[in-house]
Structure formats: structure tokens, C-alpha cells
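Here are some exercises to work through with the structure on your screen. Try each one yourself before you read its solution.

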Amino acid sequence: MDCIFCKIVNGEIPNNTVYEDDRVLAFYDIEPKAPVHVLVIPKQHLRGADAVCEENASVVAHIFTVIPQIASKLGLTDYRVVTNNGADAGQTVHHLHFHILGGRTLGEMG
Ligand code: AMP
Ligand code: ZN
């Protein structure tokens with residue numbers, strides 16, 4: 001499958017890893033939109049939030065236990081977690097990912 005994040009998981013494309021375990025990888029966004037901008041992804045390919053179901057939701061729950069660990073490691077107390085689902089929402093990579101944004105005062109959601 002021609003998925004850039006699967007290629008990152010497989011080591012075909014380099015990344016700046018922040019956290020990794022058997023199910024999850026987190027790495028710095030290549031075009032940061034905030035002083036701290038990390039992406040957290042399941043290693044399993046899911047196309048986006050609309051692919052989450054009872055059978056695979058445990059990895060999403062796990063991601064949400066990893067997110068505060070990453071935030072703490074990076075010194076963030078205040079941060080935003082975002083996932084874009086579909087092109088009109090701004091999704092450009094169709095592998096589920098959660099943006100962690102922080103390090104400055106974040107504006108209103110648009
Ligand atoms: P989204 O627009 O929500 O699909 O987010 C995709 C994010 O992936 C964007 O913020 C991109 O900057 C980021 N991105 C794309 N390619 C890479 C890469 N090779 N390494 C790190 N981040 C990437
Ligand atoms: Zn993928």
C-alpha cells in the first residue's frame with residue numbers, strides 16, 4: 001500500500017521518533033504548525049477516524065494513554081490533540097494520526 005505513514009512504520013522513510021511501542025509510533029511533524037508538533041499513529045493502517053470500530057478501538061484508547069506521557073516528556077502542560085478526517089477537514093495523509101500541538105498559546109479552533 002502506498003501510504004507514507006506505513007513507510008515510516010516500516011523504516012522505509014526516516015522519522016524523528018518521540019515514542020514507540022509495539023502498537024504506536026510518535027514522531028515530529030515535518031512541517032510543524034506550533035513550537036511542539038508531534039504526530040501519534042497506530043502502527044496498524046487505519047485510514048482515519050471513520051475507520052475506528054469496536055474491533056480496533058483499543059489502539060485508539062492506548063494512543064490516548066500515550067499522549068499525556070509524550071506531552072509530559074516534552075514539557076507540555078497545555079496542548080491540543082487534533083485528528084482530521086477527510087480532505088475537507090484537512091486530512092492529507094490517509095493513515096489515522098493524532099496531532100499534538102503545543103508550546104505556544106493556541107488560537108480558537110477554526
Ligand atoms: P493531516 O493534514 O492532518 O493529514 O496531517 C498530516 C501531517 O503529516 C502534516 O502535518 C504533515 O506536515 C505531516 N507529514 C507529512 N509527511 C511527513 C513525514 N515524512 N514526516 C513527518 N510528518 C509528515
Ligand atoms: Zn498507512
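Two strands count as paired if DSSP finds at least two bridges between them. Helices (H or I, at least four residues) and strands (E, at least two) are DSSP runs, numbered from the N terminus. This is a predicted model, where local features need pLDDT of at least 70, side-chain atom pairs count only at pLDDT 80 or more, and totals for chains, interfaces and linings use all residues. Residues are numbered from 1 along each chain as its sequence is written, chains are lettered from A and ligands numbered from 1 in the order written, and side-chain values use heavy atoms, leaving out hydrogens and water.

**Exercise 1. Find the order of the strands in the sheet.**

Step 1. Start with S4 and S5: they pair in the antiparallel sense over 4 bridges. One pair to look for is valine 81 with its bridge partner in S5, isoleucine 100.

Step 2. Now walk across the open sheet, whose 5 strands run in the order S1-S2-S3-S5-S4 with antiparallel pairing.

Step 3. Check the edges: S1 (17-20) and S4 each have a single partner strand, so one side of each has no neighbour in the sheet.

**Exercise 2. Work out which residues hold the zinc ion (ligand 2), and in what arrangement.**

Step 1. Look for donors (N, O and S atoms within 2.8 Å of the metal, or 3.2 Å for Na, K and Ca; water is not among the atoms, so sites may look incomplete). You'll find Cys3 (SG), Cys6 (SG), His45 (ND1) and His95 (ND1), at 2.0 to 2.3 Å from the zinc ion.

Step 2. Take the angles. The 4 donor atoms subtend 104 to 116°, which makes the arrangement tetrahedral (four donors with all angles between 85 and 135 degrees).

Step 3. Cysteine 6 sits in helix H1 (residues 4-9) and histidine 95 in the loop between S4 (79-82) and S5 (98-102), so the pair ties together parts 89 residues apart in sequence.

**Exercise 3. Is histidine 95 buried or exposed, and what about glycine 75?**

Step 1. Histidine 95 has a relative accessible area of 0%, so it is buried.

Step 2. Glycine 75, in the loop between H2 and S4, has 62% and is therefore exposed.

How values were computed. Four donors count as tetrahedral if all angles lie between 85 and 135 degrees; four count as square planar and six as octahedral if opposite donors are over 155 degrees apart and all others between 65 and 115; anything else is irregular. Buried means under 20% relative accessible area, exposed over 50%, partly exposed in between (1.4 Å probe, protein chains only).
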